[in-house]
Amino acid sequence: MIMSVQTRHAAAARVTCEDLVLFLNACFCCTGQREFYSDGHAQTVSIEFLHDYIRGNYRRLYARTLAAGVNHFNRARIVTELLASSRDLEPDERRDEGRLVVAALRSLPAPRAYRALLGVRARGVNNRRLRAIVREFLTARPDLQFDAIKYRGKLRDLILHTHLRLPGELGGFLFKGWKQRRYQTPLLETFRKAHFSDEALYELPFTVAEGMAARRKIDRAVFLRKIAPRLTALERLRLQATAAREGVTGLAIDLARAGLTRLAIYVLSLAPADREARRVELQAAFDGAARRCLRDAPLALGRVVAVLDRSYSTTGSPDKPRRSLAIALGVDALLRAASTDYLAFWTPATVDPLLAVPRGQTDLTGPLLDALETRPDLVVVVSDGFDNDPTGGAGEVCRVFKARLDPAGRTTIVHINPVFDAPELGPRRLGASVPTLGLRDAEDLPTALAFARFAAGDLSLAELEDYLARRVEVFLGRAAAPAPEAGV
Amino acid sequence: MKFDETTQGLGLRGLQVAPAQAFGAVRLVPLLKEHVREDLRLGTHSFRDRRPHAVGLRGQADAPDVAYCSYIPHAYVLDWTDDGAAVAARGAALTDKRLGLRDVGGVRVLHRMVRREEPGALRFLPLHLAMEGFLSLHFGGPDVAWSEYSRQALSHGLSPRREGSVLGVYVQGLEDAVRMFEVHERQVGCLVFVADALAAMVVFPHPDDYRALHRSLVRDFFGELVYQYAILYDDVPAHRVAVREAEIADLADLRAAITRARADWTAFTAEMAAGVLRESLRWQTIHRAGPFRLRRFMSALRPDEDNHIGEAIVRDSGELEYCKTFRLSAAQVRRAYLLEKLAQNLWDLARTAEALGVTVPALLVRLRNAGFAYLFKEHVLKNLPPGTV
């Protein structure tokens with residue numbers, strides 16, 4: 001078959017667009033961890049292939065996906081990939097990529113950023129570009145002494161690789177060992193003292209002190225009580241169950257400050273009786289979290305109906321326990337706050353989402369039909385896409401509804417999927433007629449909805465490039481501003 | 001074993017078939033109960049110590065003259081009330097003594113396959129009831145002392161008679177399928193298909209029992225055919241619903257079309273399980289407890305069809321309260337078929353051969369290949385052609 005030049009270009013553009021949408025969608029939800037339906041190895045193989053493929057074919061766009069709101073795991077992975085393979089780049093390409101990489105490193109949590117850079121070391125790559133980027137990254141760290149304590153091994157390995165000069169006493173501290181001398185820097189001195197004195201121990205970051213306490217056989221309850229003031233909000237949230245087990249009371253958390261997904265995960269970790277007892281508090285926390293989330297990323301919707309999956313498969317895996325259900329809960333709260341008129345249908349039906357537990361089969365068809373009967377502007381389906389009662393019913397309903405009952409497109413249907421399906425190289429779809437969007441955190445729902453038009457396949461490559469360019473501007477602008485305090 | 005009744009299949013009285021869930025080559029079909037009753041409950045008693053167990057089938061438990069030896073992961077304990085009042089599920093709260101367990105030289109001996117532990121509680125060994133029935137088929141050996149039969153066959157019957165089966169965890173993909181299966185709210189049972197061949201049907205009395213025992217599906221045993229199918233086939237197509245969009249004018253139509261498609265698949269699934277649900281079965285009652293009968297069954301043993309053995313608890317009204325089936329492999333069916341034909345013809349080789357439409361040497365080859373050479377004197381089997389006939 002002979003194609004004209006235009007047709008060939010159009011075909012190439014369409015393929016590029018589809019590839020990129022696939023990749024972005026995968027990057028929104030995949031974390032390389034085990035899921036309910038596939039193991040960690042399959043997930044890793046699948047996402048690694050996607051990264052290799054997109055980097056090899058569309059390098060410029062690949063770098064720009066850093067700005068598209070992909071999750072931390074994939075952002076770190078993209079940074080590693082970009083830094084480990086830059087031999088054939090032009091100087092201006094390097095400069096553009098470099099700015100994105102620095103911004104991305106700044107946006108990542110510290111351990112992930114360090115790990116991304118050490119990933120380059122594992123590939124055996126060491127060049128001027130990497131050293132410059134590491135230098136910039138370390139200069140921008142708010143407190144390098146703190147990093148030298150908390151991420152001691154990582155910082156040390158990174159310096160070992162790049163041969164950069166560390167300020168003050170840090171070089172000696174990391175490489176000559178803390179036993180060598182006394183330190184003028186208070187934090188380093190505390191670390192040294194903590195090896196001998198209990199008081200100094202409780203002035204260290206929790207993760208560092210925890211190891212020392214275990215080595216010194218300090219009672220866990222005593223340790224938790226004394227280290228409580230040093231805990232970060234996330235550590236506090238994580239240690240709730242431990243504290244309850246050990247009978248430590250001083251570890252109260254301020255639910256009003258927790259992020260939406262974290263809050264949902266915490267709520268799901270409570271027994272139904274506890275949730276019932278603390279209903280008012282938890283409900284208020286959900287509303288507050290949703291409002292705060294909308295303040296950061298505004299979303300104004302009309303009449304919305306959600307179909308939310310709480311079937312047994314939302315149990316997730318030991319790596320991500322109950323995450324799918326938590327995201328359904330988060331999306332529920334977020335949509336309620338963002339829409340003028342909101343209805344939720346759970347499957348299997350539940351009267352009280354706050355008491356939801358993962359249980360039962362996935363019947364998306366019935367709730368979806370109920371949802372469409374109310375003629376809303378937007379239907380959001382949150383599910384892992386494995387509907388089995390009956391199989392494929394939801395996709396069929398969407399297809400026929402679009403083709404026969406709503407050709408004008410008054411109702412938009414969007415499928416949000418928190419689970420990466422390894423064999424499909426993306427979140428599992430309900431059918432060709434519904435855009436499926438990966439989602440790692442309920443807070444990213446506005447980004448996902450903005451991306452829905454691309455996932456639906458309605459828009460061209462030019463529009464996708466425009467979208468990415470705009471995101472890049474915002475991303476670089478945000479990175480230039482002083483980093484906000486890390487929330488929960 | 002003496003059969004006391006023949007019926008056309010198990011039927012699905014009181015049960016509904018729900019849409020299948022397919023994982024790889026395994027397809028699990030939920031069976032839901034229409035009206036859940038509380039007067040019969042089932043729990044497991046697991047034999048945690050990994051010592052060999054023997055089941056005394058006759059006489060004293062510690063001096064069994066016939067014993068049944070197998071890997072048995074657990075026993076079921078059945079609790080019931082006669083007047084339909086609810087019973088509390090107590091699971092394995094029975095002591096060894098009440099279970100009839102005794103130690104004999106390092107082997108734990110269970111007293112009988114089915115044993116009434118106390119009024120309103122019955123212990124039995126799942127699936128082994130059916131398997132024992134199958135193994136004991138014409139176990140006594142030749143009734144007439146024809147000269148071809150060996151002395152051993154005449155004095156000890158078919159002993160030792162053995163059959164092989166495969167533990168559920170070794171059936172490729174079954175463990176994953178059982179893990180990923182989403183249990184319905186009113187579910188009491190499940191049809192297990194491997195490469196779309198019916199491997200087993202499982203029914204328990206109560207949805208809570210099913211939920212508790214769902215994972216024990218991988219501790220049941222399956223036939224050799226099921227094991228091979230699981231290796232040979234990677235995938236079965238999902239039962240996806242499809243709607244013809246030209247027929248749809250509004251949402252009510254769409255809803256009706258989906259309901260119809262679902263019902264079609266349900267009927268189709270029941271059709272796939274016809275081997276147990278519709279073909280004729282022969283029954284034997286083992287125990288009667290209140291309004292319930294514990295029975296085992298066996299299909300007609302036709303070598304060219306799929307054959308199942310199983311056990312069931314049936315309420316007087318005909319509702320199925322408990323059921324487990326086992327799909328016999330072709331070789332197992334062949335063995336049972338030959339034994340049955342021999343028994344029908346009073347173990348006379350000439351008459352049997354005539355009934356089967358073959359010559360006597362050909363019948364002997366078939367018996368030898370089926371593993372029954374030990375029943376005959378050596379000279380009878382001499383000069384038979386090698387291979388199959």
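Modeller: Before we start, two strands count as paired if DSSP finds at least two bridges between them. And keep in mind that this is a predicted model.

Biologist: Fine. In what order do the 5 strands of the open sheet in chain A run?

Modeller: The pairing in this sheet is parallel. At the edges, pairing on one side only, sit β2 (339-347) and β7 (436-438) of chain A. Read across, the order in chain A is β2-β1-β3-β4-β7.

Biologist: Now the contact between the chains: which element gives the most to the side of chain A that touches chain B?

Modeller: The contact takes 26 residues from chain A and 24 residues from chain B. On chain A's side, the elements giving two or more residues are α21 (365-373) and α22 (393-405). The one giving the most, with 8 residues, is α22(A).

Biologist: Last one: is B:Arg215 buried, exposed or partly exposed?

Modeller: B:Arg215 is in the loop between α4 (207-213) and β16 (221-222) of chain B. Buried would take 20 or more neighbours and exposed 12 or fewer. B:Arg215 has 13 C-beta neighbours inside 10 Å, so it counts as partly exposed.

Notes:
Residues are numbered from 1 along each chain as its sequence is written. Chains are lettered from A and ligands numbered from 1 in the order in which they are written. This is a predicted model: local features need pLDDT of at least 70, side-chain atom pairs count only at pLDDT 80 or more; totals for chains, interfaces and linings use all residues. Helices (H or I, at least four residues) and strands (E, at least two) are DSSP runs, numbered from the N terminus. Two residues are in contact if their C-beta atoms, placed from the backbone, lie within 7 Å.
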